[in-house]
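This report is a guided reading for someone meeting the structure below. Please look it over once before going on to the text.

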Amino acid sequence: MELTGQEEAMARGERGEPARLAMQILVKIGEACGAARMVETKRCHAMTSMAPELHQARIDLLEKFVSLDGRYHVPTTLDPASLDLKRWREFKVPAGYAAKAKKLLELNDRLGAIPNYSCVPYQQGLGPRFGEVVSLTESSYVVYANSVLGARANREAQGIVISASITGRVPLYGLRLKENRIGSVLVKFAGIDPGPFKTIDYATIGYYLGARLGHEIPVIDGFKQSVTADQLKIMGASAACKGCVAMYHAVGVTPEATTREEAFAGEKPKETIEIDPNVLKQTREQISTSSGGKLDAVLVGCPHYSIHEIRRLSELLNGKKIHRKVKFFVYTNQETKLLADTMGATRTIESAGAFVSVGTCMTLSPVRYWGFDRIMTDSPKCAYTTPVDIGAEVVFGSIEQCVEAAVRGGA
Ligand code: F3S
């Protein structure tokens with residue numbers, strides 16, 4: 001790789017040991033990925049949590065940089081933590097687990113991270129602008145940043161993001177290059193009008209595209225301008241978790257696809273796929289691992305709920321009581337919770353018997369200690385990870401169906 005004078009100086013250790021180590025990591029990654037040079041980055045997003053068995057590795061990495069007096073020189077937001085920030089004791093979190101989870105937060109704090117604890121910084125006023133080069137860990141954030149915001153992001157590991165934040169540099173490869181952002185597969189609708197699509201339809205389409213396309217960049221032709229940011233958010237998150245989709249274009253909706261021709265840069269798609277009512281029905285059925293029955297819990301807010309989603313939930317729960325045997329956890333971030341408190345939405349939701357959890361989520365916190373056998377969710381990403389993380393059966397449904405089932409006690 002060709003390095004600038006400044007980058008050479010960092011690689012030689014003239015800017016300190018943290019920068020030397022970080023530059024060494026970035027050069028190795030750059031060489032492995034065929035990058036010709038580095039570029040500047042001004043925004044990063046790191047993980048603070050992971051499965052308990054990986055906590056120690058993550059702690060070791062951060063401790064290394066802290067012991068060297070390292071600092072995040074680039075503004076660095078954080079993914080959700082491994083436990084609810086204030087009320088973790090109400091979540092059956094074992095003390096040993098909590099100690100490690102808090103250690104991760106403390107280490108990130110010492111490096112100078114922004115403690116937003118959310119996978120949706122772009123809904124907290126902390127997202128990138130069009131064309132900005134960023135280094136991010138969270139797959140749902142990567143796909144949103146690339147597709148909806150037009151930022152330049154790759155799916156990157158924690159060590160790369162930390163190194164990028166310490167040096168302010170990232171290797172120029174992958175989706176940071178314009179030529180790699182061109183759509184490859186055309187997605188059309190047959191026998192179905194996307195106009196009246198609901199959130200569950202976008203979530204289902206995302207899951208289908210992830211399963212069907214892996215690493216490809218789909219160009220979806222047919223969405224209306226009325227599609228919301230939250231619907232694009234859950235569609236991307238579903239595609240990114242079921243497959244490795246890191247970017248999509250939606251013609252007339254996302255910024256690099258004002259036309260179909262622009263999305264394909266004038267080239268022909270290598271494949272065209274059609275989504276019809278049957279595809280939607282079959283995919284919805286595949287997302288569930290259970291056809292229904294008695295429920296132990298409803299888990300929503302993956303990705304973290306926005307204030308619009310919280311408000312919708314509070315409208316649905318207004319005046320209702322969740323079945324006494326069903327736990328209902330809603331995951332969001334501190335800013336959204338503050339708004340929800342101010343609007344009275346939290347009170348409505350919690351009066352119905354649900355719990356608004358802040359700064360963590362169902363996948364990154366140890367929900368398994370509840371011993372749930374069957375849960376319901378409105379998120380394909382939660383449905384996909386829950387059988388692995390919690391060991392429970394999952395029913396996938398719309399938020400309206402989740403609320404109905406929670407009140408009834410079964411799906
Ligand atoms: Fe966010 Fe956790 Fe889902 S990090 S995308 S709420 S698994």
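## Basis of the model

The model is predicted, so that local features are given only at pLDDT of at least 70 and side-chain atom pairs count only at pLDDT 80 or more, whereas totals for chains, interfaces and linings use all residues. Residues are numbered from 1 along each chain as its sequence is written, and side-chain values use heavy atoms, with hydrogens and water left out.

## Domains

The domain assignment gives domain 1 (5–178), domain 2 (182–286) and domain 3 (288–408), with bounds that come from an automatic or database domain assignment. Taken over C-alpha atoms, the centres of domain 1 and domain 3 are 28 Å apart. To the contact between these two, domain 1 brings 28 residues and domain 3 brings 23 residues, where contact means heavy atoms within 4.5 Å.

## Cavities

A cavity is, on a 1 Å grid over the protein atoms alone, a set of points where a 1.4 Å probe fits but cannot get out, and lining residues are those with an atom within 4 Å of a point. Grid points are joined across faces, edges and corners, and a volume is the space filled by probe spheres set on the points. By this rule there are two cavities of 30 Å³ or more.

The largest cavity has a volume of about 50 Å³, and its lining consists of Asp84, Phe91, Val93, Ser357, Thr360, Ser365, Pro366, Val367 and Trp370. Because domain 1 (5–178) and domain 3 (288–408) both give residues to this lining, the largest cavity lies between them. By class the lining has five nonpolar, three polar and one charged, where Ala, Val, Leu, Ile, Met, Phe, Trp, Tyr, Cys and Pro count as nonpolar, Asp, Glu, Lys and Arg as charged, and the others, Gly among them, as polar.

The second largest cavity holds about 30 Å³ of space and is lined by Lys233, Ile234, Gly301, Cys302, Pro303, Tyr305 and Glu309. Its lining divides into four nonpolar, one polar and two charged residues.

## The second largest pocket

A pocket, in contrast to a cavity, is an open set with protein on both sides within 12 Å along at least five of seven lines. The second largest pocket contains about 340 Å³ of space, and of the 16 residues that line it, the closest to its centre are Thr199, Glu309, Arg312, Ile399 and Glu400. Since domain 2 (182–286) and domain 3 (288–408) both give residues to the lining, the second largest pocket lies between them.

Helix H7 (199–213), helix H8 (229–242), helix H11 (307–317) and helix H15 (399–408) each supply at least two residues of this lining, and H11 gives the most, with four residues. Helices (H or I, at least four residues) and strands (E, at least two) are DSSP runs, numbered from the N terminus. In the lining of the second largest pocket, five residues are nonpolar, five polar and six charged.

## Cysteines

A disulfide is a pair of cysteine sulfur atoms within 2.5 Å, and by this rule the count is zero disulfides. Cysteine 244, for example, is in no disulfide, and the nearest cysteine sulfur, that of cysteine 241, is 10 Å away.

Buried means under 20% relative accessible area, exposed over 50%, and partly exposed in between (1.4 Å probe, protein chains only). Cysteine 244 is partly exposed at 31% relative accessible area, while cysteine 119, at 8%, counts as buried.

## Loops and backbone details

Aspartate 296 lies in the loop between helix H10 (277–287) and strand E10 (297–300), and with a relative accessible area of 14% aspartate 296 is buried. Leaving aside neighbours within four places in sequence, aspartate 296 is in contact with Lys325, Val326, Lys327, Phe372, Asp373 and Arg374. Proline 303 is placed in the loop between E10 and H11, and the peptide bond from cysteine 302 to proline 303 is cis, with omega near -5°.

Lysine 92, in the loop between strand E3 (76–78) and helix H4 (95–111), has a phi near 60°, a positive value in a residue other than glycine, and is partly exposed at 44% relative accessible area. Alanine 265 also is not a glycine and has a positive phi of about 50°; alanine 265 is found in the loop between helix H9 (260–263) and strand E9 (271–275), and at 42% relative accessibility counts as partly exposed.
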